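Hi,

Here is the structure I promised to pass on to you. Have a look at it first, and my notes on its side chains follow below.

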Amino acid sequence: MIVGVGLISEELAPRCKAFGMNVVGVSSRVAAPNFDRMFARAQLKQAAALADYLIAIMPLTPETRGMIDGAVLDACTRQMLRELAAASAADQPLPKPVQSK
C-alpha cells in the first residue's frame with residue numbers, strides 16, 4: 001500500500017507491480033496509473049488491512065501529521081513501514097520491527 005499518490009508514487013507503482021505486488025493507493029485522488037485499487041484517506045485503516053507493506057510518500061502537513069497511527073499499523077498484515085516523506089507522518093515512535101531506517 002502506498003499512502004500519498006503523486007508523481008513519485010506513480011513511478012514506484014509499476015516497480016512494485018514488476019515484483020508481482022497488488023498495488024493499493026491511499027489518496028485524495030480517485031484513480032492513478034498502475035494502481036490496482038484506490039482508497040480515500042478516510043479509509044486508511046481499511047486499506048492497511050490489505051497491505052503487507054506500507055509505504056508513506058506524502059508531504060508533512062496538518063492533515064497528514066499523525067495520519068499513520070497504531071490502529072493503522074495494527075491493521076497491516078506484516079507491519080512493514082517505509083516512510084519516504086520529508087518528515088514523519090507516524091503519530092508515535094514505531095515498534096522496533098517497524099522502525100524506518
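Predicted model: local features only at pLDDT ≥ 70, side-chain atom pairs only at ≥ 80, totals over all residues.

Glu11 counts as partly exposed, because its relative accessibility is 48%.

A search of the whole structure finds three salt bridges, and the other partners are worth a look too. Asp36 and Lys17 meet through their side chains at 2.8 Å, N to O. That pair links distant parts of the chain, since Lys17 belongs to helix α1 and Asp36 to the loop between β2 and β3, 19 residues apart. Asp36 is partly exposed at 40% relative accessibility, and Lys17 is partly exposed at 30%.

Glu10 and Arg29 also form a salt bridge, at 2.7 Å from N to O. Glu10 is in helix α1 and Arg29 in the loop between β2 and β3 (37-39), so this pair ties together parts that are 19 residues apart in sequence. Arg29 has a relative accessible area of 31%, so it is partly exposed.

On the cysteines: the structure holds zero disulfides. Cys16 is buried at 10% relative accessibility, and Cys76 is buried at 5%.

Finally, the surface has a nonpolar patch formed by Phe19, Met21 and Tyr53, with about 350 Å² of accessible area together. Met21 lies in the loop between α1 (7-18) and β2 (24-26), and counts as partly exposed at 37% relative accessibility.

Best wishes

Notes. Residues numbered from 1 in each chain as written. Heavy atoms only, no water. Patch = residues over 30% accessible without salt bridge, like charges linked within 9 Å, V, L, I, M, F, W, Y side chains within 5 Å. Areas by Shrake-Rupley, 256 points an atom, 1.4 Å probe, with all protein chains shown as cover. Salt bridge = Lys/Arg side-chain N within 4 Å of Asp/Glu carboxyl O. Helix = DSSP H or I, 4+ residues; strand = E, 2+ residues; numbered from the N terminus. Buried < 20%, exposed > 50% of the residue type's maximum accessible area, 1.4 Å probe, protein only. Disulfide = S-S within 2.5 Å.
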